[in-house]
Amino acid sequence: GGGLRGESGTSRDIPDRRWIEEQLAASERRLALALESASLGLWDWHVPSGWVSFDVQWAGMLGLTPDEIEPTLESWESRINPADWPIIRASLEPHLRGETPRYVCEHRLRHKDGHWVWVLASGTVIERDEEGAPLRVVGIHQDISARKSLEERLVQQATSDPLTGLANRRYFDAALGNELARVRRKVGQAAVALLDLDHFKRINDRWGHAAGDEVLKHFTRLVGERLRDSDMFARLGGEEFAILLPGVDLIGAFRTAERLRRAVADSPARGDFGEIPISVSIGVAVLRGGDTGSAEALARADQALYRAKDGGRNRTMMEQDTAEQPFSAALAQTTAQREDGKR
């Protein structure tokens with residue numbers, strides 16, 4: 001009888017094992033399907049040896065097959081954007097030490113074609129040795145390139161002018177505020193210039209708004225090519241523009257503005273509409289440590305701009321403050337006006 005019991009026990013064992021194996025296989029298929037549908041790539045890192053396995057989905061994100069990737073930590077690291085290492089280490093190292101429940105960060109990996117793929121990386125140490133050192137880390141990578149692209153477009157829309165691509169008023173005001181804070185801390189000096197295209201309404205009325213848009217783009221290119229990388233050029237609205245000039249005093253700002261004004265006067269806009277002569281009036285002012293806000297420097301530049309327009313347009317004027325305005329600045333302004341009279 002014992003033999004029969006043994007046989008019946010074995011006969012029950014075999015279907016049980018097969019059933020378990022089928023369930024495991026089905027579970028793995030469901031996991032693979034879930035990872036695939038969620039665009040999740042799986043990685044498994046054996047820390048002591050540096051061996052890392054990558055699944056088909058992970059490799060596919062980079063335009064590869066698993067056979068094309070060496071199963072090593074180096075092959076993974078070599079694809080990471082160098083600029084992203086600080087953010088990776090800031091999340092990964094505390095987790096490996098056991099200080100955080102998981103590793104999570106966003107970084108870029110190089111695609112087979114050469115472009116960068118943004119991924120959301122998430123992982124957890126699932127095995128440690130007796131001393132608590134990590135032995136095995138398992139995690140996922142999710143392709144978030146589409147979201148990052150959308151974020152960049154939204155930032156672009158929020159901070160720039162759609163026609164010219166220049167900074168918009170909100171972004172310029174924020175930069176001006178930051179620069180004023182630096183001036184207050186006596187880290188440096190800075191100036192601001194307000195520019196207004198002369199008689200722009202006449203251009204729109206005579207040649208049409210499409211030509212007006214081309215004039216604005218021509219003006220943007222003309223001025224932009226003559227500025228330093230550190231300068232910020234912005235369109236405040238309509239035909240009003242502004243330039244933030246870090247590290248520049250009143251004389252330097254005036255000279256820059258004059259150079260730009262002459263370049264504009266010497267370069268008419270050309271297109272299907274023919275040739276349109278353009279000129280610009282400019283007012284410049286410096287940021288002062290005593291200013292309570294960036295609006296004060298803008299108001300001084302605006303007053304100077306008003307005087308430039310009132311004086312006949314196509315000229316540059318500096319803020320008026322006889323107590324602070326050095327003799328050389330006043331002389332520079334007089335000389336410029338005299339030169340204009342000869343033109």
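The structure shown is a predicted model.

The largest pocket holds about 240 Å³ of space. It is lined by 13 residues, and those closest to its centre are Trp-45, Glu-77, Trp-85, Ile-88 and Leu-92. Helix 3, helix 4 (85–96) and strand 3 (103–110) are the elements that each give two or more residues to this lining. Helix 4 gives the most, with six residues.

Helix 3 spans residues 73–77 and includes Ser-75. Ser-75 counts as buried because its relative accessibility is 9%, and the cut-off for a buried residue is under 20%. Leaving aside neighbours within four places in sequence, Ser-75 is in contact with Phe-54, Ile-69 and Glu-70.

In soluble globular proteins, nonpolar side chains tend to be buried together. Here the largest nonpolar core has 33 residues, and Phe-219, Ile-243 and Val-284 are those with the most contacts inside it. The elements that give two or more residues to this core are strand 6 (190–197), helix 7 (200–207), helix 8 (209–224), strand 8 (240–246), helix 9 (250–265) and strand 11 (280–286). Apart from this core lies another, of 24 residues, among them Trp-43, Leu-64, Ile-80 and Ile-88.

Not counting residues up to four places away in sequence, Ile-243 touches residues including Phe-172, Val-192, Leu-195, Asp-231 and Leu-260.

Conventions:
Residues numbered from 1 in each chain as written. Predicted model: local features only at pLDDT ≥ 70, side-chain atom pairs only at ≥ 80, totals over all residues. Heavy atoms only, no water. Helix = DSSP H or I, 4+ residues; strand = E, 2+ residues; numbered from the N terminus. Buried < 20%, exposed > 50% of the residue type's maximum accessible area, 1.4 Å probe, protein only. Contact = heavy atoms within 4.5 Å. 1 Å grid on protein atoms, 1.4 Å probe; cavity = no way out; pocket = protein on both sides within 12 Å on 5 of 7 lines; lining within 4 Å. Points joined across faces, edges and corners; volume = space filled by probe spheres on them. Core = buried A, V, L, I, M, F, W, Y, C linked by side-chain atoms within 4.5 Å.
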